[in-house]
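Please keep the sequence and the three-dimensional view at hand while reading.

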Amino acid sequence: MSSRLLPSALRAFSRPALQPKQFARNFQTSIPLLETPSAALPLRKPVGAFRGGLFGFLLGTTLAGAGTYYYILDEYRVSNELLTEDIYVRDLYERVCI
């Protein structure tokens with residue numbers, strides 16, 4: 001068995017390093033691959049990156065603005081109630097002390 005492997009291994013190393021046939025490539029395609037299907041997919045107008053980005057930016061800005069508006073409105077309501085309560089307490093204190 002080793003007598004068969006040794007001559008084939010020596011032949012592999014004795015070949016020249018560069019052979020032009022090894023580096024020649026043939027690019028071929030078959031006829032069915034070159035033909036385009038007539039009704040494969042319906043054509044749609046693509047949404048461009050600019051329009052999609054602009055729409056996302058405006059949607060995000062609107063949602064962030066609405067959230068900020070309602071947060072500030074709630075804070076205003078709470079601070080107004082506290083101030084009104086303090087005014088009533090001060091008014092009651094002045095009536096009792098006078």
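## A residue on helix 4

E81 has a relative accessibility of 45% and therefore counts as partly exposed, since the partly exposed class lies between the buried limit of under 20% and the exposed limit of over 50%. The side chain of E81 meets that of R77 in a salt bridge, with 3.3 Å from N to O. Both residues belong to helix 4, where 4 residues, about one turn of the helix, separate E81 from R77.

## Overall architecture

The chain contains 4 helices and 0 strands. Followed along the sequence, its pattern is α-α-α-α. Helix 4 covers residues 49–97, while helix 2 covers residues 20–23.

What share of the 98 residues in the chain is buried? Buried residues account for 0% of them. The chain exposes about 10300 Å² of surface, and carbon and sulfur atoms supply 66% of that area.

## Confidence of the prediction

The average pLDDT of the chain is 76, and 52% of the residues score at least 70.

## Salt bridges along helix 4

A search of the whole structure finds 4 salt bridges. One of them joins the side chains of D74 and R77, at 2.6 Å from N to O. These two residues lie in helix 4, 3 residues apart, which is about one turn of the helix. D74 is partly exposed because its relative accessible area is 33%, and R77 is likewise partly exposed because its relative accessibility is 42%.

Another salt bridge links D91 with R95, whose closest N and O atoms are 3.3 Å apart. D91 and R95 also lie in helix 4, with a spacing of 4 residues, about one turn of the helix. D91 counts as partly exposed at 32% relative accessibility, whereas R95 is exposed, with a relative accessible area of 62%.

## A nonpolar surface patch

On the surface, F50, L54, F57 and L58 form a nonpolar patch. Together these four residues have about 470 Å² of accessible area.

F57, one member of the patch, is located in helix 4. Is F57 buried or exposed? F57 counts as exposed because its relative accessibility is 56%, a value in the class that begins over 50%.

## An aromatic pair

A pair of aromatic rings is described by the distance of the centres and the angle of the planes. The search of the whole structure finds 1 aromatic pair. The partners are Y69 and Y70, with 5.3 Å from centre to centre and 75 degrees between the planes. The arrangement of Y69 and Y70 is edge-to-face, because planes over 60 degrees apart are placed in that class. Y70 is itself exposed, with a relative accessible area of 56%.

Key:
Residues are numbered from 1 along each chain as its sequence is written. This is a predicted model: local features need pLDDT of at least 70, side-chain atom pairs count only at pLDDT 80 or more; totals for chains, interfaces and linings use all residues. Side-chain values use heavy atoms; hydrogens and water are left out. Buried means under 20% relative accessible area, exposed over 50%, partly exposed in between (1.4 Å probe, protein chains only). Accessible areas come from the Shrake-Rupley method with a 1.4 Å probe; for residues, only the protein chains shown count as cover. pLDDT is the predictor's confidence in each residue, from 0 to 100. Patches are made of residues with over 30% relative accessible area and no salt bridge: like charges are joined within 9 Å, nonpolar side chains (Val, Leu, Ile, Met, Phe, Trp, Tyr) within 5 Å. Rings of Phe, Tyr and Trp (its six-membered ring) pair if their centres lie within 6.5 Å; planes under 30 degrees apart count as stacked, over 60 as edge-to-face and the rest as tilted.
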